[in-house]
Amino acid sequence: MIRIQSLFDFYLKSSIHVALSVYALVRMTQYMFAIPYDESIAFFAFFGTIVGYNFVKYDALARAKKRMMRNELKLIAFLSFISLLAVGFYFFQLELVTQIVAVAVLILTLLYTLPFFPNRRNARNWAGVKIYIVALCWVGVTLMLPLVNAHHALGQDFFIKCVQRFILVFDLILVFEIIDLANDDPHLKTVPQQIGVKQTKLLGLLLLIPFYFLEFFKINFIQKQLVVNLVLVVMLSLFLIFSNTNRSKYYTSFWVESIPILWWLMVVLL
């Protein structure tokens with residue numbers, strides 16, 4: 001049992017689970033816009049998420065304690081290196097314009113992680129900015145990259161989906177910020193720190209209203225998507241309502257990050 005628990009924790013800590021969520025959203029984009037399955041963009045997003053998230057989470061720790069890295073951290077570093085090779089392989093299979101957009105997203109990720117400006121901390125520590133940068137990165141990787149790589153026109157449906165995808169990721173991050181409220185640096189000025197937990201939950205719930213009803217304004221309207229989206233809205237609403245600082249780490253690191261995967265599986269099953 002302990003062995004299974006350790007493997008499961010490694011699965012979460014190494015960002016494989018969040019990478020599956022990104023992969024699921026890429027597949028959702030391909031479904032919504034009737035794009036044939038493209039392995040290169042799907043796996044580029046999957047392995048890129050592992051590299052990006054592990055770099056953000058463990059870069060400073062690895063540099064500070066490189067002489068006494070635990071075995072778990074060494075395994076995560078090895079997985080990240082293999083994933084980096086995979087990212088390079090799939091990157092050169094993408095269209096040139098997709099590569100340019102991918103580099104732009106990479107720069108945004110590095111800005112989030114590294115202090116580029118003198119006497120400034122990285123964007124991750126800029127007051128109130130973190131949630132917007134992360135949401136924009138997810139929109140770029142899971143929505144823009146698949147469409148650009150497929151040479152799909154970026155019309156009305158694209159902009160509607162950008163707003164919906166941003167709201168989805170924004171709400172998911174709100175749950176994380178509520179759970180981490182007791183441990184977050186007050187200078188981060190996360191949404192719960194600025195407006196309180198109750199108002200944060202209310203904000204998240206209100207944002208789900210345009211998320212759902214924007215579906216009606218799509219040119220390529222898919223009726224059964226309304227049912228799937230309703231289930232998604234109910235799930236996310238419940239996670240928001242019942243989130244608090246006493247929840248276990250699995251509440252967000254597994255269950256909340258499973259929502260995009262469940263969303264995609266609902267579409268596959270329907």
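The legends below describe close-up views of one predicted model. Local features need pLDDT of at least 70, side-chain atom pairs count only at pLDDT 80 or more, and totals for chains, interfaces and linings use all residues. Residues are numbered from 1 along each chain as its sequence is written, and side-chain values use heavy atoms, with hydrogens and water left out.

View 1. Helices (H or I, at least four residues) and strands (E, at least two) are DSSP runs, numbered from the N terminus. Of the 270 residues in the chain, 47% are buried. Buried means under 20% relative accessible area, exposed over 50%, and partly exposed in between (1.4 Å probe, protein chains only). The accessible surface of the chain is about 14300 Å². Carbon and sulfur atoms hold 70% of that surface. Accessible areas come from the Shrake-Rupley method with a 1.4 Å probe; for residues, only the protein chains shown count as cover. Among contacts with a separation of 6 or more, 74% join residues 24 or more positions apart. A contact means heavy atoms within 4.5 Å.

**View 2. The largest nonpolar core has 69 residues.** Such a core is a set of buried Ala, Val, Leu, Ile, Met, Phe, Trp, Tyr and Cys residues joined through side-chain atoms within 4.5 Å. Phe44, Leu168 and Trp263 have the most contacts inside this core. Helix α6 (residues 130-149) gives the most to the core, with twelve residues. Leu168 touches Leu25, Phe211, Leu232, Leu236 and Trp263, leaving aside residues up to four places away in sequence.

**View 3. Helix α12 (residues 259-269) packs its buried residues against other helices.** These buried residues are Ile259, Pro260, Ile261, Trp263, Trp264, Met266 and Val267. Their packing partners are α2 (16-32), α7 (156-179), α9, α10 and α11.

**View 4. Val191 is a buried residue of helix α8.** The helix spans residues 191-195. Val191 has 10% relative accessibility. Leaving aside residues up to four places away in sequence, Val191 touches Ile131, Phe170, Leu174, Glu177, Gly196, Thr200 and Leu203. Val191 and Leu203 are twelve residues apart in sequence. Their C-alpha atoms are 9.6 Å apart in space.

**View 5. Aromatic rings pair in this structure, 22 times in total.** Rings of Phe, Tyr and Trp (its six-membered ring) pair if their centres lie within 6.5 Å; planes under 30 degrees apart count as stacked, over 60 as edge-to-face and the rest as tilted. Phe239 and Tyr251 form an edge-to-face pair, 5.4 Å centre to centre with 70° between the planes. Phe239 lies in helix α10 and Tyr251 in helix α11 (residues 249-255), so the pair ties together parts twelve residues apart in sequence. Phe239 is buried at 16% relative accessible area, and Tyr251 is buried at 11%. Phe254 and Trp255 also pair edge-to-face, at 4.8 Å centre to centre and 80° between the planes. Trp255 is partly exposed, at 48% relative accessibility. Elsewhere, ring pairs link Tyr23, Phe43, Phe46, Phe47, Phe89, Tyr90 and Trp264 into a cluster.

**View 6. Lys161, Glu215 and Lys218 are linked in a network of salt bridges.** The whole structure holds two salt bridges. A salt bridge is a side-chain nitrogen of Lys or Arg within 4 Å of a carboxyl oxygen of Asp or Glu. In the Lys161–Glu215 bridge, the closest N and O atoms are 3.0 Å apart. This pair links distant parts of the chain, 54 residues apart: Lys161 is in helix α7 and Glu215 in the loop between α9 and α10. In the Glu215–Lys218 bridge, the closest N and O atoms are 3.4 Å apart. Lys161 is buried at 2% relative accessibility. Glu215 is buried at 0%, and Lys218 at 7%.

**View 7. Seven residues form a nonpolar patch on the surface.** They are Leu202, Leu206, Ile209, Phe213, Phe216, Phe217 and Phe221, with about 690 Å² of accessible area together. Patches are made of residues with over 30% relative accessible area and no salt bridge: like charges are joined within 9 Å, nonpolar side chains (Val, Leu, Ile, Met, Phe, Trp, Tyr) within 5 Å. Phe216 lies in the loop between α9 (197-213) and α10 (224-241). Phe216 is partly exposed, at 43% relative accessibility.

**View 8. Ser15 has a positive phi, and so does His151.** Most residues other than glycine have a negative phi. Phi of Ser15 is near 70°. Ser15 lies in the loop between α1 (2-13) and α2 and is buried, with a relative accessible area of 1%. Phi of His151 is about 55°. His151 lies in the loop between α6 and α7 and is exposed, at 57% relative accessibility.
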